[in-house]
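Hi,

Here is the structure I promised to pass on to you. Have a look at it first, then read my notes below.

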Amino acid sequence: MLFSSGTRDAATDLILKTTPPRAPRHMLLRPKLQLSDPHFRGCPVLALQAPAGYGKTSVLAQWRREALGGGAAVAWLLADYNDEPARFVRALVQAVRNGCARPAFGSQLLEGASITDHPLDALTAWLAELAATSLDVLLMVDEADTLPPASAELLAYLMHNAPQNLRVVAAARASLADLLGELLAYGQCVVVGPELLRFSYDETRKLVAVRFGAAVDAEASARLHELTAGWPLGLQLALAAMEHGREPGAALTSLAAENGTLHERVMGVLLDRLAPADQDFLLATAITNSAHPELCVAVSGQADAAARLARLARETPLFLVAEDSAWCRLHPLAHELLLQRLQSWPAERRQPLHARAAQWLAERGMLQEAARQAHAAGQTALAFDLAERCLLDAVRQGELGALEQWRQLLPEEELARRPRLGLAAAWVMALGEHHRKAEQLVAPIEQAAGDDAALRYECALIVSAAAYYADEVDRFVALMAPWAGAAPPTSDPWLLQAHANRLAATATLQGDPARARRHQQAPQPAAAASSYVRRWGEFLVGQSYLWEGQVRLAQQTVRPALQRADADLGRRHPLAAMFAALLAAAEYEAGEVEEAQALLAYRLDVLERSGTPDTVLLAYRTAARCALAQGAEHRALDLLEGLHALGAARSLPRLCAASLVEQVQLHARQQRAESARAALERLQALLAPGAAPGDGPLWRAPLDMLHALSQAYAAMAGHDWQGALAALDEAGTRAAALRFGRITVQAMGLRALATRQCGRDGEALLHEAQNLAATYGLQRTLADAHPMLADWLARKASALADSAAAASASARAGGDKGSPAGASAPRALPSMVLTPKEREVLELLARNLSNKEIAQAMAVGEETVKWHLKNLFGKLDAASRKHVVRRAQLLGLLEGG
């Protein structure tokens, strides 16, 4: 016998350990994790470390495919606890043989005795032999943290002494910092942790599109992302559950429901598989939002709590861990389910846990969470004391949800007795729907302020914010008038930035957006540079650019601000949603309809509750225009009626007016004269003097402009072009006075059309409108203005553009010829494992060609083909022609077929 049964089993085991896993069926290529990304390029060692459920295997599959596509050979090794040093070196030899198609690699090394007696010398020989090859090799070691200590030292030696043609990727659930050593210090290693592995919203949207196409819209994708917090395993489980339902959208609704499928069938199963002691530990420590080893010891009373937390965070997918921090937190799905189960514990068992947590947190200055725990423990006096010390600062930093949790817990008398709590509550109510309640809370505080000018000024800021959110803009400006002419009576950086924000908002309302930006350019104290109120300054700058119609500048300003807000505050934070409304409007005007929809997805409800009237208007109008651009006019009308209903419910008549303005334009563009006239009559009734509670010069000026534009559209629907021209002159004059750039361009383009319809030359006006639109980046404004204008613009497009489009269509048609539907021709990847001629032979072999046919295709002799086939049989360790093809596909050397 050539091999004993034991040797044969060992060889089989090594082959299985060095065979890469099958790539996921719906694998999404993630650009931010590509090996070609500048963050990874040129780095000899990559460490992929995260707990279970973070998609490490999928990332390894992506990297393997990318490396093969780049011409490198990929050696795969799945480590385990039985890989003592000699076995580990043998596995490395087999990995190179299997992944690099080198059956003879390491033969002398395996025959020698040093692999058992001196594994370090054997590994050095392995490195030397690999360096002598002509291959660029990517070595992937999965589950590297399971290696025994002696083998882990060998892996560290390998990574520190890798030759130029070897790149190493090590994946693990636990930290590999001990193995990486100096590589980290000298920048020779990049660590990919949980934060980078977590899916972004855009990645979630693309993943859903790959699985379901148009069956699941952007709104559902956004809900799914919020539900799973970008957790890769949670996403895969949710998508699998949706895939088994007849309607994926309805299945998602079921998943998202309280006590829904994803809670019980997924998280419930994971929790129920744990040991009873681990389940009790998780229930006890779930009372806090985040977990820390010392906090868990204090709450649970268990001496081994820190070790238990580390083990559960490493071995289960229940935790979202932070890099370089002892803190971690339960996944929202798991946390919600644990809190539900915790309610089955009697109060006398739960309250001591809350009390111990409150004490530990308060001693370390975490007052907000300590106050919540104290209240849950029944220590209300302590809870209110702690809340008074921290909630105002929390609200100032944008943690508006912090006070929402307390609104039902704080009695009216406590708010009256504690001014700082009253101010915090007033701020939250002002920045939402409860404007009058905010003013009622502030009134006694302002009266008791006495000589405290800073406190009186903050009270004025709150009242003015309430007026701004109530869309009483004239009252907003009047309230701030006493403070506008001089520096505010405070040195507080937060209040100074808030003062600059008020001046900027006032300037924009007065039709001077450039002055608004100058107020934000004034130097502010460094302490305010990264605060929540500074984000408001960025919002006002972006809003001023959008007001002017400067779409490109609005995009450049708002996009990075939105990315920071999403990362720091959360995608559904009110300010992040308001940034999204600005950017969505700009993206739509720039022609990015799908991007605009994605920005607004699962955010309209947040804006309805906590957005400024301007952002609510922008969001609904943009969503309606996106629907119209995609041919869903019924959806557009539904959104506009929804905007009208929201304006009526919140006593914001400007929202009703904006809805009617859009409806007039929509019907007029479709030549529905009667419907346009009816909507115009509703608009005129709404704008009658004294009909709106917030009526004033600043409030009315933009609406008078839109009213004139609506009159023009109604006249165009009735083919009254002379009347339309007069209304457009008025709309354009008002828009220019307000510096309203988009309406200025729109009115100018329509004036050109009306002039032409009246029998005069409108070319010069149209040319100017086109020029301004191109300068500002308003790609859709003129095309959307009216179908007749769009047709005129299309006819003005040169014959060159038409011929280019025809040539492009012809090229596309020609490119489709001969392409078999649903199949792709076999293609050998440009790997260094095979020579170019061997790759060509492999492709022809995969097409079932005979040796004679291959020779004819390559213009060589049959003997030459046989020679290349012999080399392929040897390199791929294959026994037949079919086996060669299958081995090449398994190793990633051949695609398609």
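Let's start with a residue in a loop: Asp471 sits between H27 and helix H28 (473–484). Helices (H or I, at least four residues) and strands (E, at least two) are DSSP runs, numbered from the N terminus. Asp471 isn't a glycine, yet its phi is positive, about 65°. With a relative accessibility of 3%, Asp471 counts as buried. Here buried means under 20% relative accessible area, exposed means over 50%, and partly exposed is in between (1.4 Å probe, protein chains only).

Before going on, some housekeeping. This is a predicted model, where local features need pLDDT of at least 70 and side-chain atom pairs count only at pLDDT 80 or more, while totals for chains, interfaces and linings use all residues. Residues are numbered from 1 along each chain as its sequence is written, and side-chain values use heavy atoms, with hydrogens and water left out.

Asn848 belongs to the loop between helix H47 (836–846) and helix H48 (851–858). Is Asn848 buried or exposed? It is exposed, with a relative accessible area of 70%.

Now the overall picture. The protein chain has 50 helices and 9 strands, and its C-alpha trace spans about 105 × 80 × 50 Å along the principal axes. Of the 897 residues in the chain, 51% are buried. Take the contacts (heavy atoms within 4.5 Å) between residues at least 6 apart in sequence: 70% of them join residues at least 24 apart.

Next, the empty spaces. Rolling a probe the size of a water molecule over the atoms shows where empty space is left. A cavity is a set of points, on a 1 Å grid over the protein atoms alone, where a 1.4 Å probe fits but cannot get out; lining residues have an atom within 4 Å of a point. Grid points are joined across faces, edges and corners, and a volume is the space filled by probe spheres set on the points.

How many cavities of 30 Å³ or more does the structure hold? There are 6. The largest cavity has a volume of about 520 Å³. It is lined by 28 residues, and those nearest its centre are Asp614, Leu617, Leu618, Arg621 and Phe740. Several helices give two or more residues to this lining, among them H31 (532–548), H33 (574–589) and H36 (613–629). H36 provides the largest share, 6 residues. By type, the lining of the largest cavity has 19 nonpolar, 3 polar and 6 charged residues. For that count, Ala, Val, Leu, Ile, Met, Phe, Trp, Tyr, Cys and Pro are nonpolar, Asp, Glu, Lys and Arg are charged, and the others, Gly among them, are polar.

The second largest cavity holds about 270 Å³ of space. Its lining has 16 residues, of which Trp427, Leu431, Ala465, Arg502 and Trp536 lie nearest the centre. The elements giving two or more residues to this lining are helix H27 (453–469), helix H29 (493–509) and H31. H29 gives the largest share, 5 residues.

15 of the 17 residues of H31 are buried, so the helix is largely enclosed by the rest of the structure. At 1.5 Å a residue (times one less than the number of residues), H31 should span 24 Å, and its end C-alpha atoms are 25 Å apart, which agrees. After H31 comes Gly549, with a positive phi near 85°.

- Glu587 is in helix H33 and counts as buried at 5% relative accessibility. Its side chain makes a polar contact with the side chain of Arg559 (2.4 Å). A polar contact is a pair of N or O atoms within 3.5 Å; within protein, one must be able to donate a hydrogen and the other to accept it, and residues adjacent in sequence count only if both atoms are side-chain atoms.
- Cys189 is in strand S5 (residues 189–192) and is buried at 8% relative accessibility. Leaving aside neighbours within four places in sequence, Cys189 is in contact with residues including Cys43, Val45 and Leu180.

Cheers

Terms used. 1 Å grid on protein atoms, 1.4 Å probe; cavity = no way out; pocket = protein on both sides within 12 Å on 5 of 7 lines; lining within 4 Å.
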